[in-house]
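Here are my notes on the model you sent over. Please read them with the structure open.

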Amino acid sequence: MQKLFDLSGLAASLLAHVTRVILGVIVLLVLYDVAARNLARPIAWSASAIEILLIYVAFLPMPALVRQKGHVCADFLRHALPDAARRGAEKLVCLLCIGICAYLGLVAFQLLLENLQSGDYDVRSFDVPRWTIYLPMVIGLWLSVIEFIRFLTGADSLYAIDARDIEGF
């Protein structure tokens, strides 16, 4: 199991780096688009490309955020619980997260397969195979399932960090 968790961590880290590159590309596209519009030479495809890239930016870093405990955390209720109930609450949270991510990952995977078989395209200012829209969802959601299983098995704790110690508090 530890080997799976290590591979998941490696994949999460790699996807976080890919996301940084995608964000850089989005910034450059926006800058280029703004400059091109002011020079009366707008590019028609930039908005569509950015919309698709934002799906990748939303889902690819998910497993890294879970692993690094960078998710939104409202831990005031957990702090109010007695020590014995805290671990139970953490297990419940992990089970809920596993269930939600697994369900959504399954739906995204089914849609990915359907679109691969049908050859559907998302028609915008340029055509994109529709399965490419579901791919980051499948990857991000299923790797997040593995990360939540890592917490559930006790390899780490969702709450091994105090939310007040994180930047922004």
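Where in the chain is confidence lowest, and where is it highest?

1. Confidence. This is a predicted model. Confidence is lowest in helix H4, residues 76-80, where the mean is 76. It is highest in H6, at 96. Over the chain, the mean pLDDT is 89. Of its residues, 93% reach 70 or more.

2. The largest core. The largest nonpolar core holds 18 residues. Those with the most contacts inside it are Cys-101, Met-137, Leu-141, Val-145, Phe-148, Phe-151 and Leu-158. Three helices each supply at least two residues of this core: H3 (62-67), H5 (83-118) and H6 (131-152). The largest share, 8 residues, comes from H6. Recall that H6 is also where confidence is highest.

3. Phe-148. Look at this side chain next. Phe-148 is among the core residues with the most contacts. Leaving out residues up to four places away in sequence, Phe-148 touches Val-66, Cys-94, Cys-97, Ile-98, Cys-101 and Leu-158. Two of these partners, Cys-101 and Leu-158, are on that list of core residues with the most contacts.

4. Cysteines. How many disulfides does a search of the whole structure find? The count is 0. Take Cys-94: the closest cysteine sulfur is in Cys-97, 6.6 Å away, so the gap is too far for a bond. A disulfide would need the two sulfurs within 2.5 Å. Cys-101 is in no disulfide either. For Cys-101, the nearest cysteine sulfur is again that of Cys-97, at 6.3 Å. Both Cys-94 and Cys-101 touch Phe-148. Are they buried or exposed? Cys-94 counts as buried because its relative accessibility is 0%. Cys-101 is buried too, with a relative accessible area of 8%.

5. Aromatic rings and charge. The structure has 1 aromatic pair. There is also a charge over a ring: Arg-150 lies over the face of Phe-151, at 5.0 Å from the ring centre. Phe-151 is itself among the residues with the most contacts inside the largest core.

6. Ser-48. This serine sits in helix H2, residues 46-59. Which residues does Ser-48 contact, leaving aside its neighbours within four places in sequence? They are Arg-124, Ser-125 and Phe-126. Ser-48 is buried, since its relative accessible area is 10% and the cut-off for buried is under 20%.

Note on methods:
Residues are numbered from 1 along each chain as its sequence is written. This is a predicted model: local features need pLDDT of at least 70, side-chain atom pairs count only at pLDDT 80 or more; totals for chains, interfaces and linings use all residues. Side-chain values use heavy atoms; hydrogens and water are left out. A nonpolar core is a set of buried Ala, Val, Leu, Ile, Met, Phe, Trp, Tyr and Cys residues joined through side-chain atoms within 4.5 Å. Buried means under 20% relative accessible area, exposed over 50%, partly exposed in between (1.4 Å probe, protein chains only). Helices (H or I, at least four residues) and strands (E, at least two) are DSSP runs, numbered from the N terminus. Contact means heavy atoms within 4.5 Å. pLDDT is the predictor's confidence in each residue, from 0 to 100. Rings of Phe, Tyr and Trp (its six-membered ring) pair if their centres lie within 6.5 Å; planes under 30 degrees apart count as stacked, over 60 as edge-to-face and the rest as tilted. A charge sits over a ring if NZ of Lys or CZ of Arg is within 6 Å of the ring centre and within 35 degrees of the ring normal.
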